[in-house]
Amino acid sequence: MTSPAASPARPASETAADHSARAALRRAANINPRTGLATDYLNHFNEAVMLLEMIPDMPECAEDFLTWKPLSYAEHFMASNFKARDLAIEAYNTADAHIRTDFDNITSAITSILSAVSDAMRKVQLDTTRARLAQQAAGWVKPLVMRAGGVINGDGAADVDYIMAH
């Protein structure tokens, strides 16, 4: 009942004890041991969403939003104070290809939306136009961030496959 997306294939030399120890390290670092992904990366997008949500009431926050820059998963962790940043990057790089592709597709969509809204805001000066752009973008991005969180935490099918395999 397992599928290739359930967990990355273990090297032949890796024992069950090695796998358990690596999983424990990841759990301790707040990295999902099944997916190899950390929710800390979503803070990068949540910061942008928070700024977008503030723009309608505080138009000056548009300038703060315009300083937001997209970062890849590895770039985010390299720039952060995350204690286990090297482990987070390694876990991402060795994550199951299907899980990582799903995650990367969602985060690429988020980045595209935020970048397009940033470009549009740079071209307009009216606070009301910026507020409307901000509200629309937040409405598009928030569900995608939730979907990315679902991938990080493992969807139902991956959870069943993981349980059956272990």
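Which residues does Arg26 touch, not counting residues up to four places away in sequence? Arg26 touches Ile31, Pro33, Gly36, Leu87, Glu90, Ala91 and Thr94, where contact means heavy atoms within 4.5 Å.

## Basis of the model

The structure is a predicted model, in which local features need pLDDT of at least 70 and side-chain atom pairs count only at pLDDT 80 or more, while totals for chains, interfaces and linings use all residues. Residues are numbered from 1 along each chain as its sequence is written, and side-chain values use heavy atoms, with hydrogens and water left out.

## Overall architecture

The chain contains eight helices and zero strands, and its elements run α-α-α-α-α-α-α-α from the N terminus on. Helices (H or I, at least four residues) and strands (E, at least two) are DSSP runs, numbered from the N terminus.

Of the 166 residues in the chain, 42% are buried. Buried means under 20% relative accessible area, exposed over 50%, and partly exposed in between, with a 1.4 Å probe and protein chains only. The chain exposes about 9,100 Å², of which carbon and sulfur atoms supply 57%; the accessible areas come from the Shrake-Rupley method with a 1.4 Å probe, and for residues only the protein chains shown count as cover. Among contacts between residues at least 6 apart in sequence, 75% join residues at least 24 apart.

Arg26 is found in helix α1 and counts as buried, at 4% relative accessibility. Ser20 lies in helix α1 as well, but Ser20 counts as partly exposed because its relative accessibility is 45%. The C-alpha atoms of Ser20 and Pro33 are separated by 9.4 Å, the two residues being 13 apart along the chain.

The loop between α1 (16-28) and α2 (42-54) holds Asn32. Asn30 is found in the loop between α1 and α2 too; phi of Asn30 is near 65 degrees, a positive value in a residue other than glycine. Asn32 counts as buried, at 11% relative accessibility. A polar atom of the Asn32 side chain lies 2.7 Å from the backbone nitrogen of Arg34, and the side chain of Asn32 also reaches the backbone oxygen of Ile152, at 3.1 Å. A polar contact is a pair of N or O atoms within 3.5 Å; within protein, one must be able to donate a hydrogen and the other to accept it, and residues adjacent in sequence count only if both atoms are side-chain atoms. Leaving aside neighbours within four places in sequence, Asn32 is in contact with Leu37, Ile152, Asn153 and Gly154.

## Aromatic cluster

Rings of Phe, Tyr and Trp (its six-membered ring) pair if their centres lie within 6.5 Å; planes under 30 degrees apart count as stacked, over 60 as edge-to-face and the rest as tilted. By this rule the count comes to eight aromatic pairs. One of them is the edge-to-face pair of Tyr41 and Phe45, at 5.2 Å centre to centre and 80 degrees between the planes. Tyr41 is buried, with a relative accessible area of 3%, and Phe45 is buried at 0% relative accessibility. Phe77 and Phe82 form another edge-to-face pair, with 5.0 Å between centres and 65 degrees between the planes; both residues are buried.

One aromatic cluster is formed by Tyr41, Phe45, Trp68, Tyr73, Phe77, Phe82, Tyr92 and Phe103. Arg100 lies over the face of Tyr92, at 4.7 Å from the ring centre. A charge sits over a ring if NZ of Lys or CZ of Arg is within 6 Å of the ring centre and within 35 degrees of the ring normal.

In helix α5 (residues 85-93), the buried residues are Ala88, Ile89, Ala91 and Tyr92. They lie on the same side of α5, because they cover an arc of only 165 degrees around the axis; the arc is that of the directions from the helix axis to the C-beta atoms.

Leu126 lies in the loop between α6 (97-123) and α7 (127-153) and counts as exposed, at 57% relative accessibility. Arg147 has its place in helix α7. Not counting residues up to four places away in sequence, Arg147 touches Asp102 and Ile106. Arg147 and Phe103 are 44 residues apart in sequence and 8.6 Å apart in space, C-alpha to C-alpha.
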